[in-house]
Amino acid sequence: MTTDGFAEIDPRRFRNVLGQFCTGITVITTLDSEGGPVGFACQSFAALSLEPPMVLFCPTKQSRTWAAIEAAGRFCVNVLAEEQREVCARFGSREPDKFAEIGWRTSDLKLPLLDDALATIQCTVASVVDGGDHYIVIGRVAALSESTDSGRPLLFYRGQYTAIEPDKTTPAPWRADLEHFLTTTTQDTWL
Ligand SMILES: Cc1cc2nc3c(=O)[nH]c(=O)nc-3n(C[C@H](O)[C@H](O)[C@H](O)COP(=O)(O)O)c2cc1C
């Protein structure tokens, strides 16, 4: 038992069980106080709200990128493509110049956009919530873009990179139940 009455959860088991939840991978970027690009690999990203448009991500409290995002008040979510494993490894490291061999450009909103990302979501920081050893950062979406190629996303599952089957970029047959789910915007429907 923990001092506040909860069952002890073994960290390894926590990671293994949570690893059953497959996610995409993003690199979240901003410009630091000297105008240099900074960023980190982040799987804890999610869509949050359609009206108004909001997303969230969860940086560890130790993240140097988070410190720069907090100071700048804005960030860009770059959704990685299957071919960007090396990009992910670099941004998941703590090396000082992660952008050294990476193609990128500065957007009109003064945010770094990575070349070949499947999508970019530029945001201002709307609020920050305490989440144990992480923060939950909620962003108001300011601009969106997506790749015109039919690229596939890089995935993270059970502690490893993976990818979807090649045929999954073909649009799925129309299904009335899903179409309703994706287009309904009543207040009690999530996306
Ligand atoms: C696939 C992958 C997913 C990650 N997801 C997160 C995450 O959701 N939140 C987080 O704080 N760190 C995450 N990390 C770890 C950070 O990218 C890593 O700690 C990085 O060194 C932080 O860099 P910074 O201190 O320059 O911000 C992830 C790393 C990898 C490789």
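**View 1. Arg 158 lies in the loop between β11 and β12.** Strands here are DSSP E runs of at least two residues, helices are H or I runs of at least four, and both are numbered from the N terminus. The model is predicted: local features need pLDDT of at least 70, side-chain atom pairs count only at pLDDT 80 or more, and totals for chains, interfaces and linings use all residues. Residues are numbered from 1 along each chain as its sequence is written. Although Arg 158 is not a glycine, its phi is positive, at about 50 degrees. Because 12 other C-beta atoms lie within 10 Å, Arg 158 is exposed; the classes are exposed for 12 or fewer such atoms, buried for 20 or more and partly exposed in between, with C-beta atoms placed from the backbone.

**View 2. An open sheet of three strands has the order β1-β11-β12, with antiparallel pairing.** β1 (23–24) and β12 (160–163) are the edge strands, each pairing on one side only. Strands count as paired if DSSP finds at least two bridges between them; β11 (residues 154–157) and β12 have four, in the antiparallel sense. Leu 154 has Ala 163 of β12 as its bridge partner.

**View 3. Two further loops carry backbone features.** In the loop between β4 (45–49) and β5 lies Pro 52, and the peptide bond from Glu 51 to Pro 52 is cis, with omega near 5 degrees. Lys 110, in the loop between β7 (104–106) and β8 (112–114), is not a glycine but has a positive phi of about 60 degrees. Lys 110 counts as partly exposed because it has 13 C-beta neighbours inside 10 Å. Most residues other than glycine have a negative phi, and most peptide bonds are trans.

**View 4. The largest nonpolar core has 32 residues.** Such a core is a set of buried Ala, Val, Leu, Ile, Met, Phe, Trp, Tyr and Cys residues joined through C-beta atoms within 7 Å. Val 27, Ile 28, Phe 57, Phe 75, Val 77 and Leu 80 have the most contacts inside it. Elements giving two or more residues to this core include β2 (26–31), β5 (54–57) and β6 (74–79).
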